[in-house]
Amino acid sequence: PGAQEALQLVEAAGWPMALVTNTGRALTESALDSIGRGYFAATVCADEVPHGKPDPDPYLRAAELLGLAAGECLAIEDSPNGALAAQRAGAPVLVVPCDVPVPSGPGRVLRASLTGLTLDDLRSDYAEAREGRAA
């Protein structure tokens, strides 16, 4: 819940976004039509990197495509493997669990849903996750 509104919020702020998924390119292309491919400056699929999540390769590639260091990005994840991949890449992580619980830990901020998310929330979550990662 709230994912579409979150995409619109970040797009309106002019912040570049990348979709990082363990799904293969063929299936991702179909999903992008319903999600809205225009939101993403880059997309990285598991079959396009040496190793998928939980390895950091997908997040490292996405950051590279955005022209950023992974630590400058806020990864939003809904799975244990995704959160681990983002952390291994050096990105602070906002965890919004979906079907599988995701454990808390350093460098992670947990949020029950994306509903009502604001830019200030994202800034705060980024700062908190970065601080937790350094702890």
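Buried here means under 20% relative accessible area, exposed over 50%, and partly exposed anything in between (1.4 Å probe, protein chains only). The model is predicted, so local features need pLDDT of at least 70 and side-chain atom pairs count only at pLDDT 80 or more, while totals for chains, interfaces and linings use all residues. Residues are numbered from 1 along each chain as its sequence is written, and side-chain values use heavy atoms, with hydrogens and water left out.

**View 1. Cysteines without a partner.** A search of the whole structure turns up zero disulfides, a disulfide being a pair of cysteine sulfur atoms within 2.5 Å. For Cys73, the nearest cysteine sulfur belongs to Cys45, 17 Å away. Cys73 is buried, at a relative accessible area of 18%. Cys98 is in no disulfide either, and its nearest cysteine sulfur, again that of Cys45, sits 18 Å off. With a relative accessible area of 53%, Cys98 counts as exposed.

View 2. Helix α1 covers residues 3-13, and its buried residues are Ala6, Leu7 and Val10. (Helices are DSSP runs of H or I, at least four residues, and strands are runs of E, at least two, numbered from the N terminus.) Those three cover an arc of only 100° around the axis, so they lie on the same side of α1; the arc is taken from the directions from the helix axis to the C-beta atoms. Over on the other side, Glu5 and Ala12 are exposed. Just past the helix, Gly14 has a positive phi of about 80°.

**View 3. Thr21 and its surroundings.** Thr21 belongs to strand β1, residues 18-21, and is buried at 14% relative accessibility. Its side chain reaches the backbone nitrogen of Thr23 at 3.0 Å. Setting aside neighbours within four places in sequence, Thr21 touches Thr28, Val44, Cys45, Ala46 and Lys53, where contact means heavy atoms within 4.5 Å.

**View 4. A three-stranded open sheet.** The strands line up as β3-β4-β5, with parallel pairing; two strands pair if DSSP finds at least two bridges between them. At the edges are β3 (75-77) and β5 (108-110), each pairing on one side only. Neighbouring strands of this sheet are turned by 25° against each other on average, direction ignored. (Axes are lines fitted to C-alpha atoms, and angles run from 0 to 180 degrees between N-to-C directions.) Strand β4 (residues 93-95) is joined to β5 by three bridges, and Val93 stands opposite Arg108 in β5.

Definitions and conventions: A polar contact is a pair of N or O atoms within 3.5 Å; within protein, one must be able to donate a hydrogen and the other to accept it, and residues adjacent in sequence count only if both atoms are side-chain atoms.
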